[in-house]
Amino acid sequence: MFEDLNHLIPELCDPICKASKSKSTSTLGRARIFIRLSVNRNVFGSVIKIFQDQPELSKLHYSENGSILGSPEELSGFLCIIQDLVLFTFNFDPTPPNIEKEDYWENILNTAKVYLYLSLIHISEPTRLL
């Protein structure tokens, strides 16, 4: 997939593809790094739009039932959401610890749940005192 994207939009993807390849040995790690770098550089929406403009690329790499990028309807909705990302500045660490592990997002989600829980406790404590 990286090679296909790099061929279609080399000015956007070449530096990101090279960086992700140099920082990771697994396809999973490269994909996660690619996403983070493309968001940091405000080109994520443009990269994803390629899948809408080139439906054969989506069909080649993604299942219609198992992926947002494989389903034209879901892809369209996803693009509507991510187009506004260019309004923000991101500075994601492209290579956080454990980015190549299968359960990376599960661990992130669990950490986020803990922080959410702690923030709710913190917010609710003053009201208990009143």
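On a 1 Å grid over the protein atoms alone, a pocket is an open set of points with protein on both sides within 12 Å along at least five of seven lines, and lining residues have an atom within 4 Å of a point. In this predicted model, R32, I35, R36, V39, F92 and W105 line the second largest pocket. The model is a prediction in which local features need pLDDT of at least 70 and side-chain atom pairs count only at pLDDT 80 or more, while totals for chains, interfaces and linings use all residues. Residues are numbered from 1 along each chain as its sequence is written, and side-chain values use heavy atoms, with hydrogens and water left out.

- The lining of the second largest pocket divides into 4 nonpolar, no polar and 2 charged residues. Ala, Val, Leu, Ile, Met, Phe, Trp, Tyr, Cys and Pro count as nonpolar, Asp, Glu, Lys and Arg as charged, and the others, Gly among them, as polar.
- R32, one of the lining residues, lies in helix α3.
- R32 counts as buried at 9% relative accessibility. Buried means under 20% relative accessible area, exposed over 50%, and partly exposed in between, with a 1.4 Å probe and protein chains only.
- Leaving out residues up to four places away in sequence, R32 touches I99, E100, K101, E102, Y104 and W105; contact means heavy atoms within 4.5 Å.

- A cavity is a set of grid points where a 1.4 Å probe fits but cannot get out, and the count comes to 1 cavity of 30 Å³ or more.
- About 30 Å³ of space lies in the largest cavity.
- Its lining consists of S38, V39, N42, V43, F44, G45, I82, L85 and V86.
- By class, the lining of the largest cavity has 6 nonpolar, 3 polar and no charged residues.
- V86, one of the lining residues, lies in the loop between α6 and α7 (104-129) and is partly exposed, with a relative accessible area of 49%.
- V86 and F44 are 42 residues apart in sequence, and their C-alpha atoms are 8.5 Å apart in space.

**Aromatic pairs**

- The structure holds 4 aromatic pairs. Rings of Phe, Tyr and Trp (its six-membered ring) pair if their centres lie within 6.5 Å; planes under 30 degrees apart count as stacked, over 60 as edge-to-face and the rest as tilted.
- The ring centres of F51 and Y62 are 5.6 Å apart and the planes stand at 75 degrees, so this pair is edge-to-face.
- F51 lies in helix α4 (residues 44-53) and Y62 in the loop between α5 (55-61) and α6 (72-82), so the pair ties together parts that are 11 residues apart in sequence.
- F51 is buried at 2% relative accessibility, whereas Y62 is partly exposed at 25%.
- The ring centres of F90 and F92 are 5.4 Å apart with planes at 25 degrees, so this pair is stacked.
- F90 is partly exposed, with a relative accessible area of 23%, and F92 is partly exposed at 36%.
- F88, F90 and F92 are linked into a cluster by ring pairs.

**Helix α6**

- L75, L79 and I82 are buried in α6.
- These residues cover an arc of only 75 degrees around the axis, which puts them on the same side of α6; the arc is that of the directions from the helix axis to the C-beta atoms.
- The face of α6 turned away from the buried side carries the exposed residues E73, C80 and I81.
- The buried residues of α6 pack against α4 and α5.

**I16**

- I16 is found in helix α2 (residues 10-23) and counts as buried at 0% relative accessibility.
- I16 touches F34, L37, S38, R41 and V43, not counting residues up to four places away in sequence.

Methods
Helices (H or I, at least four residues) and strands (E, at least two) are DSSP runs, numbered from the N terminus. Grid points are joined across faces, edges and corners, and a volume is the space filled by probe spheres set on the points.
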